[in-house]
Amino acid sequence: MGRKLLGENEGMLFIFETEDYHGFWMKGTFLPLSIAFLNKEGRIVWITDMKPLSLKSHLPPKPILYALEMNKGWFTKNSINVGDVVRFSK
């Protein structure tokens with residue numbers, strides 16, 4: 001919240017303690033974002049766009065453990081789709 005700028009290939013990764021139906025909204029966020037919801041295996045279960053300053057809740061259709069927010073359209077621009085797997089490294 002409060003973010004007004006995000007670099008072209010920068011994002012925000014949310015890691016939850018348990019897999020569940022974690023939802024997101026855009027209250028206090030000033031830029032349009034796309035969000036990918038990922039299950040515990042890192043598989044994308046849903047991608048959606050979110051409008052700035054909106055109170056609309058975005059809930060995944062299945063339980064998730066991770067969520068990745070990027071600039072609006074980033075997933076489409078990079079040919080990343082539902083069903084793809086995200087790999088994390090340290």
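Before I list any neighbours: by contact I mean heavy atoms within 4.5 Å.

**Ground rules.** I am reading a predicted model, where local features need pLDDT of at least 70 and side-chain atom pairs count only at pLDDT 80 or more, while totals for chains, interfaces and linings use all residues. Residues are numbered from 1 along each chain as its sequence is written, and side-chain values use heavy atoms, with hydrogens and water left out.

**Entry 1, the sheet.** I started with the strands, which are DSSP runs of E with at least two residues, numbered from the N terminus. I count two strands as paired if DSSP finds at least two bridges between them. I found an open sheet of four strands in the order β1-β4-β2-β3, with antiparallel pairing. At its edges I noted β1 (12-20) and β3 (44-50), each pairing on one side only. From one strand to the next the twist averages 20 degrees; for this, axes are lines fitted to C-alpha atoms, and angles run from 0 to 180 degrees between N-to-C directions.

**Entry 2, around β4.** How many bridges join β2 to β4? I read six, between residues 33-38 and residues 64-71, and the two strands run antiparallel. One pair I looked up is L38, whose bridge partner in β4 is Y66. β1 and β4 also pair in the antiparallel sense, over five bridges. There I picked F14, which has A67 as its bridge partner in β4. For burial I use relative accessible area: buried is under 20%, exposed over 50%, and partly exposed in between, with a 1.4 Å probe and protein chains only. By that rule β4 is mostly covered, with eight of its eight residues buried.

A nonpolar core here is a set of buried Ala, Val, Leu, Ile, Met, Phe, Trp, Tyr and Cys residues joined through side-chain atoms within 4.5 Å. The largest one has twelve residues, among them L6, M12, F24, I35, M50 and A67. β2, β3 and β4 each supply at least two residues of this core. β2 gives the largest share, three residues. I also noted a second, separate core of nine residues, including A36, L38, Y66 and M70. Back at M50, I listed its contacts beyond four places in sequence: F24, M26, P32, L33, I35, H58 and E69.

Is H22 buried or exposed? It is buried, because its relative accessible area is 17%. I located H22 in the loop between β1 and β2. Leaving aside neighbours within four places in sequence, H22 is in contact with F16, F37, H58, L59, P60 and I64. A polar atom of the H22 side chain lies 2.8 Å from the backbone oxygen of T18.

My last stop was N39, in the loop between β2 and β3. N39 counts as buried because its relative accessibility is 13%. The backbone nitrogen of E41 lies 3.0 Å from a polar atom of the N39 side chain. Not counting residues up to four places away in sequence, N39 touches E19, V45, P63, I64, L65 and Y66.

Key. A polar contact is a pair of N or O atoms within 3.5 Å; within protein, one must be able to donate a hydrogen and the other to accept it, and residues adjacent in sequence count only if both atoms are side-chain atoms.
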